[in-house]
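I opened this entry to look up the pockets and the confidence of one model. Notes follow in the order I made them.

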Amino acid sequence: MSNKIAATAATGVDDIDRALAQLRARFFAHRYYRKLQESFTTLLNHRRADLEIGSQNEAHGIAVIGDSGSGKTTAVRRLFATHPDLQTLQPGVEKAEAVSLSLPSPASVKFVGLACLNVLGYPLRRDRTSAVIWDLVHNNLQLRQTLVLHFDEAQDFYINQNTREMQAMINTLKALTQNPKWPVSIILSGMPQLRDLINMDTQLTRRFTPVHFSKLDPALDALPIMKMVAGYAKTTDLDIAPDLKDKAFIRRLVHAAAGEFGLTVELLLSAVENALRNGKQKLDHTCFVQAFARRSGCMPDFNPFLREDYTSINARLLLLGQIPDDEDPEPKKKGRKR
């Protein structure tokens with residue numbers, strides 16, 4: 001595509017930007033996503049079957065747990081957007097079978113309830129108690145026929161919260177799934193601390209199916225990653241340098257992305273952009289060298305795509321090898337005392 005892309009200064013957006021936007025809109029169904037998809041389909045089918053026979057059995061939930069950059073949020077959004085016959089929250093449409101929101105900060109019971117009401121289109125104009133707020137949440141979830149409520153960044157239920165507040169939130173989540181008039185399934189996505197919150201209460205634990213977005217395994221994930229690299233290159237009319245098809249390169253790419261799927265996609269996108277911006281016909285090793293350098297601000301000796309013993313590099317850290325402004329690069333020699 002590099003020989004086909006021409007800048008369009010009138011709009012400030014050129015064809016490279018458009019091509020990259022199309023790539024960002026793509027989604028690769030990795031093995032963790034397929035497990036999430038399977039768990040969600042089972043959960044949704046059970047809830048819909050209960051509705052068909054007029055039963056209000058307690059609902060269950062899914063806990064999507066992974067480190068930053070693992071792709072949890074993108075996966076849940078994709079799941080909602082593509083699941084057959086699932087009515088998501090849309091402006092002007094009353095029915096909202098799936099509702100998603102990011103937790104407010106602080107993630108207190110009251111603030112979370114207010115955030116739910118805002119998302120559901122029922123903002124409060126004056127102060128109410130937590131009990132009143134959550135009664136309104138339950139009522140609105142029933143009115144909107146909501147089957148699934150998704151809380152993103154759900155580790156904030158646990159981080160910097162005292163035990164009393166955490167237990168109150170646990171009771172609130174259980175109440176959502178046990179509501180006698182309209183039980184709602186809960187999806188929690190968040191960092192590993194989320195697991196500690198769920199494990200605080202055995203009743204909550206038995207209601208949740210865990211889906212762990214663990215680190216990529218270069219052995220298990222090498223082929224899917226190679227296909228992803230090839231797919232991105234093909235979409236932008238780029239050839240692929242032979243060394244990028246080697247498993248040794250995939251191991252470097254996985255390490256440079258801290259083993260996280262989402263970060264791997266970000267590095268790949270950045271490498272493709274480097275190739276296109278520099279007018280290259282081929283996606284090669286230097287594109288990834290530049291992509292990591294731009295993301296981390298590291299010196300060349302701390303770049304996993306250059307360093308021989310790259311596994312010793314902590315790929316999540318910024319400005320590795322850079323000398324602080326207040327540090328003299330040359331150690332001062334001690335003078336003789338006079």
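Entry 1, largest pocket. I took its class counts: ten nonpolar, ten polar and eight charged residues form the lining of the largest pocket. The volume of the largest pocket came out at about 540 Å³. I listed 28 lining residues, with Gly-71, Lys-72, Thr-73, Thr-74 and Gly-262 nearest the centre. Two or more lining residues come from each of helix H1 (15–25), helix H3 (72–82), helix H9 (218–235) and helix H11 (261–277).

I found about 240 Å³ of space in the second largest pocket. Its lining has 17 residues, and nearest the centre I noted Thr-42, Leu-43, His-46, Ala-59 and His-60. Helix H2 (31–52), strand S1 (61–66), helix H8 (202–207) and strand S5 (208–213) each give two or more residues to this lining. H2 has the largest share, with six residues. By class I counted four nonpolar, eight polar and five charged residues in the lining of the second largest pocket.

I read a mean pLDDT of 91 for the chain, with 92% of its residues at 70 or more. Residues 1–10 have pLDDT below 50, yet beyond near neighbours in sequence I found 23 contacts for this stretch in the model. For residues 332–338, pLDDT stays under 50, and I found zero contacts beyond four places in sequence. Where pLDDT is low, predicted coordinates should not be read in detail.

Definitions and conventions
Residues numbered from 1 in each chain as written. Predicted model: local features only at pLDDT ≥ 70, side-chain atom pairs only at ≥ 80, totals over all residues. Heavy atoms only, no water. 1 Å grid on protein atoms, 1.4 Å probe; cavity = no way out; pocket = protein on both sides within 12 Å on 5 of 7 lines; lining within 4 Å. Points joined across faces, edges and corners; volume = space filled by probe spheres on them. Helix = DSSP H or I, 4+ residues; strand = E, 2+ residues; numbered from the N terminus. Nonpolar A, V, L, I, M, F, W, Y, C, P; charged D, E, K, R; others polar. pLDDT = per-residue confidence, 0-100. Contact = heavy atoms within 4.5 Å.
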